[in-house]
Amino acid sequence: MDATRLPGTARPDQVVAHVDIDCFYAACERRRDPSLSGEPLVVGMGYEGGETHGAVATASYEAREYGVESAMAISEALERLPRRADADDEVDTGIYRPVDMDYYESVAAEIKEILHAESDTVREVSIDEAYLDITEAVGWDGAASWASDLRATIESEVGVVASVGVAPTMSAAKVASDREKPDGLVVVEPGEVRDFFADLPVDEVHGVGPVTARQLGELGVETAGDLADADPEALEGRFGERGREIRRYARGEDTREVTPRGDPKSLSRESAFTEAVEEAEAKQQKVTTLARAVADRAGRKGARYQTVGIKVVEPPFDVNTRARSLPGPVADADLVESIALDLLGEFTERPVRKLGVRVSNLDFSAGEQVSLGGFESGAGADAAAETDADEATTDAGEPTADGQASLTAFDGESSAGDTDSAAPDDDADDIEGQASLGDFLG
Ligand code: TTP
Ligand code: MG
């Protein structure tokens, strides 16, 4: 394969993976209530049990067979798929659940941790979706088996299913991850991009939503291949600069590089045991290694941290988080280790399948590292105020923390991972993005 011949890519050898969880909110509901697996399941936003208001946030693939889809009014979904609780006969009925964002955020954080461990360059674009640049970490030769291992890891460690696309550009990777959903894996090598796009319905091209697809249809453009061959000036006349852009996407051209967004909010490392482990020493060893790795990572990024936390996963998916905040930001590997081991003490006797160490409340302002004594210089007052604010938000978002005042939590944060980006904001990639809360309730 001669990657350099592919026009319009950011770098000739770039390998991009796009990861998107299948029916994410429904998958989260199934993880905590396995009796829902295989059932038609609808998760409603602005919906409460027994009511008919609100809108569908997502539906399981079984429910989609009945025509239930995201952003549909619950009242309409109920016409297509009656609520089991109201029916005499279970056949052709579904189960309806209200959204529980705190829980979904915590599951998303676990997934993002795994992704950030795979590559230093991860761009989180929504709660269940991210791009990874795996050019360095994996390359083309190992891409297919890497992607398949990643899917297996997410399924076994988090208990949800991811579809993955791998391609030379972000837009092709996104289309690829969608192509064989659910439970899909599609790898498009550099020489295959044009062929891969050619027969796709035009609405599968990145940036083409249903409205644009209808307008393109009126111009006789039905497939991505048609769009790739269309006259760029005619497209620009009709759609402005965006016309040229979607044509480029349809041709597989996309010069964007995967760029992480903003400074990370936290840095973490985690690692699973092959089986649940009870011996204290094995747990302590792992925590020590993780603490050293996290402190090292923070050092390389020039980050000081004010909160040190651990995550302890008990079988099957019971996530416990504990954290302790310091009076000011530090960069001190020994301290990370000793706090992490201290927090682990509570779990000495308990079976554990996975451990993580995180530093948060990050401060990138100092160019040089400081020791514990260093925060009397004035940073302390600001930092203390931030701690209070963080605790207020993380406690609210954390389902398993035990509520002590000093606790902050892994999972209450808007996103997670060892090069964690800021909260996913509106996604510039999605020209016609997904319906917002306003759309649902408006
Ligand atoms: P998506 O990844 O678009 O949808 P999905 O994960 O439910 O289904 P799949 O990827 O298998 O096609 O969105 C992720 C979550 O975002 C979804 O589970 C619920 C939420 N969401 C909304 O709240 N409103 C929407 O209109 C859409 C599309 C998603
Ligand atoms: Mg999804």
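Of the 442 residues in the chain, 51% are buried. The model is a predicted one. Its chain has 15 helices and 12 strands. Among contacts with a separation of 6 or more, 68% are between residues 24 or more positions apart.

**Salt bridges**

Side chains of opposite charge can pair when their charged atoms come close. In this structure the count comes to 33 salt bridges.

Lys 354 belongs to strand S12 (residues 352–363) and Glu 270 to strand S9 (residues 266–277); the two residues are 84 residues apart, and the pair links distant parts of the chain. Lys 354 has a relative accessibility of 3%, so this residue counts as buried. Glu 270 also counts as buried, because its relative accessibility is 16%. Through shared partners, salt bridges join Lys 354 and Glu 270 with Glu 157 and Lys 311 in one network.

**Arg 30 in helix H1**

Helix H1 also holds Arg 30. This residue has a relative accessible area of 16% and is therefore buried. Which residues does Arg 30 touch, not counting those up to four places away in sequence? They are Leu 36, Ser 37, Gly 38, Glu 39, Leu 41, Ser 60 and Glu 62. One of these, Ser 60, is 30 residues from Arg 30 along the chain, and the C-alpha atoms of the two are separated by 9.7 Å.

**Cysteines**

A search of the whole structure finds zero disulfides. A disulfide needs the two sulfur atoms to be within 2.5 Å. Seen from Cys 28, the closest cysteine sulfur is in Cys 23, again at 9.3 Å and too far for a bond. Cys 23 counts as buried, because its relative accessibility is 9%. Cys 28 has a relative accessible area of 0%, so this residue is buried as well.

**Helices H12 and H13**

Two packed helices are described by the angle between their axes and the distance between the axes. The axes of helix H12 (residues 280–301) and helix H13 (residues 333–344) cross at roughly 145° and come within 9 Å. The crossing of H12 and H13 is right-handed. On the H12 side, the contact involves Lys 283, Gln 284, Val 287, Thr 288, Ala 291, Arg 292 and Ala 295. On the H13 side are Ala 333, Asp 334, Val 336, Glu 337, Ala 340, Leu 341 and Leu 344. Sorted by class, the contact of H12 with H13 has eight nonpolar, two polar and four charged residues.

Methods: Residues numbered from 1 in each chain as written. Chains lettered and ligands numbered in written order. Predicted model: local features only at pLDDT ≥ 70, side-chain atom pairs only at ≥ 80, totals over all residues. Heavy atoms only, no water. Axes fitted to C-alpha atoms, helices over the stretch in contact; angles between N-to-C directions. Helix = DSSP H or I, 4+ residues; strand = E, 2+ residues; numbered from the N terminus. Left-handed = near helix turned anticlockwise from the far one by under 90°. Contact = heavy atoms within 4.5 Å. Nonpolar A, V, L, I, M, F, W, Y, C, P; charged D, E, K, R; others polar. Buried < 20%, exposed > 50% of the residue type's maximum accessible area, 1.4 Å probe, protein only. Salt bridge = Lys/Arg side-chain N within 4 Å of Asp/Glu carboxyl O.
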